[in-house]
Structure formats: C-alpha cells, structure tokens
Amino acid sequence: MIVDVDPSSPVPPYEQVRNQISALAAAGELPVGSRLPTIRQLAADLGLAPGTVARAYRELEAEGVVASRVRHGTTVLARSLPSEAERAARLEDAARVYALTAQAVGADAARALRVVQAALNARPQS
C-alpha cells in the first residue's frame, strides 16, 4: 500500500491518509479483504502519531470502507455503490481538498483544472 503524507499540505494528515486509503479501496488497488497495516506500523512508516492514523481508520470504518476487529486487524470491506447524494458529497469534499492543495502550491485555477483533466483522462473509464 502506498500512502504519502505531505506535512506542508493544508489538509490535515489524518485526512490525507483517509482520502488515499479510500481512493485505493475504491479503485480496487486494495482488494476486498486486504489487511491494512496496524495503526502503529503505518504511523511509524509515515512518521505520524498513532492517534492520527487511528482517527483516519475510525473515519474509514464509519464510512464503511474498512472493518476493524481485535486480533484480526483492519480489513477492506466490499462496498456497495454510493447514493447520488453520497457521490456528490464525496466529489465536493475531494474538490475542496484539491483546491486547497492547488492554492498551497501556488497553482492558478487554469493550471489546477488542466492537471485534473489530465488525471481524469489517464484513468480507464468504467
């Protein structure tokens, strides 16, 4: 699993971890049943406090992306298709995070839109 945290990002580290794991699961790069690293292991790998990773895992569990069980770890769940309202909310959330990141790195709106369009064009259509 490849997760990176940018300490200079305006997006809180727990949110960066949550967004990336959620995206990996949605894209199938983390298949259903995959075990995530322990909180302590991922925190050590990313140089974060365990509480930061724990918060990301709690939010992922609340969203139905993962399930955590004592002695069995945290695993990726099968997900049903989100409702239209959920899709809209997730897109708006992702757009907000992206806009903050683009602003933080000094990208103007035209450049930020070109990067998004290139990323959308690079993904296979389903």
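R71 sits in the loop that links β1 (66-69) to β2 (73-76). Helices (H or I, at least four residues) and strands (E, at least two) are DSSP runs, numbered from the N terminus. The model is predicted, so local features need pLDDT of at least 70 and side-chain atom pairs count only at pLDDT 80 or more, while totals for chains, interfaces and linings use all residues. Residues are numbered from 1 along each chain as its sequence is written, and side-chain values use heavy atoms, with hydrogens and water left out.

The phi of R71 is positive, near 70°, although R71 is not a glycine. Most residues other than glycine have a negative phi. R71 counts as exposed because its relative accessibility is 80%; exposed means over 50% relative accessible area, buried under 20%, and partly exposed in between (1.4 Å probe, protein chains only).

The protein chain as a whole has 5 helices and 2 strands, in the order α-α-α-β-β-α-α along the sequence. Its radius of gyration is 15 Å, close to the 14 Å that the globule rule gives for 126 residues, so the protein chain is as compact as a globular protein of that length. The radius is taken over C-alpha atoms, and the rule is 2.2 Å times the number of residues to the power 0.38.

Helix α1 (residues 13-26) has 14 residues and spans 20 Å between its first and last C-alpha, close to the 20 Å expected at 1.5 Å a residue. The expected span is 1.5 Å times one less than the number of residues in the helix. Buried residues of α1 include Y14, V17, I21 and L24, along with the charged-type residues E15 and R18. Among the elements that cover the buried residues of α1 are α2 (39-46), α3 (50-62), β2 and α4. After α1 comes G28, with a positive phi near 85°.

Helix α4 (residues 84-104) has 21 residues, which should span 30 Å at 1.5 Å a residue; its end C-alpha atoms are 30 Å apart, in agreement. Just after α4, G106 has a positive phi of about 85°.

Buried residues account for 25% of the 126 residues in the protein chain. Of the contacts (heavy atoms within 4.5 Å) between residues at least 6 apart in sequence, 50% join residues at least 24 apart.
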